[in-house]
Amino acid sequence: MFKDKILVIEDEAGIRSLIAAVLTANDYDPILSVSGADGMSMLTSHCPDLLLLDLGLPDMDGMEIIRSVREWSTLPIVVLSARNHERDKVAALDAGADDYLTKPFGAAELLARIRTAIRHTRTQLPSSMIASSGKFCTGELVIDYDKHCVFLRGENARLTQGEYRIVALLGKYAGRVLTYDFMIRELWGPKAKSDNQILRVNMANIRRKIEDNPADPRYIVTEMGVGYRMIEGE
Ligand code: CA
């Protein structure tokens with residue numbers, strides 16, 4: 001059977017063996033590295049399908065690894081980061097990481113992030129293509145990319161054009177966290193001001209229209225200090 005190879009670069013033995021056990025039990029083929037330098041050479045010798053990367057390594061900064069990989073590869077990268085390091089997470093995503101996990105994390109969360117990152121790489125579209133076609137469904141929410149409408153339980157949620165574009169963008173990358181800066185650039189162009197306030201106001205309006213409980217959203221969750229994530233579709 002074909003197994004996806006996952007390179008794990010993590011210096012903490014406990015976390016490393018936990019990840020290895022979860023991956024093995026779920027039909028992945030883990031390759032383990034305790035240092036950044038070894039990990040970098042394993043990247044070329046093992047050609048993994050995904051890189052799980054701890055940002056705090058003893059011999060080098062995980063950010064350096066992301067930048068160096070992105071010079072030659074679209075390999076999906078999921079970073080492992082400590083709690084309260086929002087700035088590191090944003091920097092990692094902006095440098096080209098696909099997603100992040102906050103330590104400590106559960107097995108289900110780890111597997112979900114890996115599945116999403118691998119799938120998105122295999123079906124990658126140019127990032128300028130906000131307008132997709134077809135439909136995206138998650139729970140009782142449907143984004144109809146042809147009609148430019150969002151439906152909740154079959155009813156038009158009556159989003160404004162601006163609100164629709166935000167939801168459409170999140171739906172295109174469902175399962176992945178999008179940073180505020182990434183969203184602003186995609187929605188309003190590279191020269192747009194990095195003002196999260198506009199995004200926040202729009203999100204409050206969107207949630208009133210598509211969430212049963214806007215304070216406890218089911219479809220678009222806030223990743224504190226980082227950005228937003230649309231829950232994965234079926
Ligand atoms: Ca570490």
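With 234 residues, a compact globule would come out near 17 Å in radius of gyration, and the protein chain agrees at 18 Å (C-alpha atoms; the rule is 2.2 Å times the number of residues to the power 0.38). This is a predicted model, so local features need pLDDT of at least 70 and side-chain atom pairs 80 or more, while totals for chains, interfaces and linings use all residues. Residues are numbered from 1 along each chain as its sequence is written, and side-chain values use heavy atoms, leaving out hydrogens and water.

Boxed along the principal axes, the C-alpha atoms take up roughly 50 × 40 × 30 Å. Inside you'll find eight helices and 12 strands (DSSP runs numbered from the N terminus: H or I of at least four residues, E of at least two). As for burial, 49% of the 234 residues count as buried, meaning under 20% relative accessible area with a 1.4 Å probe and protein chains only, whereas exposed means over 50%. Among contacts with a separation of 6 or more, 59% join residues 24 or more positions apart; a contact is heavy atoms within 4.5 Å.

Now zoom in on helix H2, residues 36-46, whose buried residues are Gly36, Gly39 and Leu43. They sit on the same side of H2 because they cover an arc of only 55° around the axis, going by directions from the helix axis to the C-beta atoms. What do these buried residues pack against? Their partners are strand E1 (4-9), strand E2 (28-33) and helix H3 (62-70). On the face turned away from the buried side, H2 carries exposed Thr44 and Ser45. After H2 comes Cys47, with a positive phi near 45°.
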